[in-house]
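Look at the sequence and the model before reading on. The paragraphs below go from the overall fold to single residues and their contacts.

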Amino acid sequence: MIDLGKIPTFTGNLETLETHAASLKTTASSIRGTGRDVHNAFQELDPVYDAPEQDELLNSTVPVRDKADEFAKKLESVSGALTTFASSARPLVSKMKQLRVHAEKFVVANEPPGRSRAHTTRQGTPRPGWKRSPSRSTICIA
């Protein structure tokens, strides 16, 4: 017989996951922009700063810009993976819910004569006032 308690249940929240994935993408854009802005602002020293190390100084923020861009790409990749997961999981979660309903109907329809599942919840757990017998998988009144 089917043990309804062993059917997996998705406990996540796909809408929240998608919200957080979108937030990561927005954050990535902000990080990229900040790195670029730091570099561009530093380049404004060029007309007023004259020294032998000028090129070295002005290029010192190139790594900031480049690393911000690299990190932003990684965040965008994570965001995309989470969004893809949510899109792929949604129909599977729906299908699992349908299979659970079908399994519940099957179990009820195939109960032995005289045995009722009225003592259990949809998840197959004992209802209040009922408990499982310690030596068997049957339900007895508490």
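For sorting residues, Ala, Val, Leu, Ile, Met, Phe, Trp, Tyr, Cys and Pro count as nonpolar, Asp, Glu, Lys and Arg as charged, and the others, Gly among them, as polar. This is a predicted model, in which local features need pLDDT of at least 70 and side-chain atom pairs count only at pLDDT 80 or more, while totals for chains, interfaces and linings use all residues. Residues are numbered from 1 along each chain as its sequence is written, and side-chain values use heavy atoms, with hydrogens and water left out.

Start with the pocket to which that sorting applies. A pocket is found on a 1 Å grid over the protein atoms alone, as an open set of points where a 1.4 Å probe fits, with protein on both sides within 12 Å along at least five of seven lines; lining residues have an atom within 4 Å of a point. Grid points are joined across faces, edges and corners, and a volume is the space filled by probe spheres set on the points. The second largest pocket has a volume of about 160 Å³. Its lining consists of Pro-8, Thr-9, Phe-10, Leu-92, Val-93, Met-96, Lys-97 and Arg-100. Of these lining residues, 5 are nonpolar, 1 is polar and 2 are charged.

Now take the chain as a whole. Helices (H or I, at least four residues) and strands (E, at least two) are DSSP runs, numbered from the N terminus. The protein has 3 helices and 2 strands, and their order from the N terminus is α-α-α-β-β. A residue is called buried under 20% relative accessible area, exposed over 50%, and partly exposed in between (1.4 Å probe, protein chains only). Of the 142 residues in the protein, 21% are buried.

The segment before α1 holds both Ile-2 and Ile-7. Is Ile-7 buried or exposed? Ile-7 counts as buried because its relative accessibility is 17%. In space, the C-alpha atom of Ile-7 is 8.6 Å from that of Met-96, although 89 residues separate the two in sequence. Ile-2 has 34% relative accessibility and therefore counts as partly exposed. Together with Met-1 and Phe-106, Ile-2 forms a nonpolar patch on the surface, with about 330 Å² of accessible area in total. Such patches are made of residues with over 30% relative accessible area and no salt bridge; like charges are joined within 9 Å, and nonpolar side chains (Val, Leu, Ile, Met, Phe, Trp, Tyr) within 5 Å. The areas come from the Shrake-Rupley method with a 1.4 Å probe, and for residues only the protein chains shown count as cover.

Next comes helix α1, where Thr-19 is found. Thr-19 counts as exposed, because its relative accessibility is 53%. The C-alpha atoms of Ile-31 and Phe-71 are 8.0 Å apart, for a separation of 40 residues along the chain.

Which charged side chains pair up? A salt bridge is a side-chain nitrogen of Lys or Arg within 4 Å of a carboxyl oxygen of Asp or Glu. There are 6 salt bridges by this rule. One of them joins Glu-15 and Arg-90, with 3.5 Å between the closest N and O atoms. This pair links distant parts of the chain, since Glu-15 is in helix α1 and Arg-90 in helix α3 (residues 62-109), 75 residues apart. Glu-15 is partly exposed because its relative accessibility is 49%, and Arg-90 is partly exposed because its relative accessible area is 31%.

Another salt bridge joins Asp-69 and Arg-32, whose closest N and O atoms are 2.5 Å apart. It too links distant parts of the chain: Asp-69 is in helix α3 and Arg-32 in helix α1, 37 residues apart. Asp-69 is partly exposed, because its relative accessibility is 23%. Asp-69 also forms a salt bridge with Lys-73, at 3.5 Å from N to O. Lys-73 and Asp-69 are 4 residues apart in helix α3, which means that about one helical turn separates them. Arg-32, Asp-69, Lys-73 and Glu-76 are linked in a network of salt bridges.
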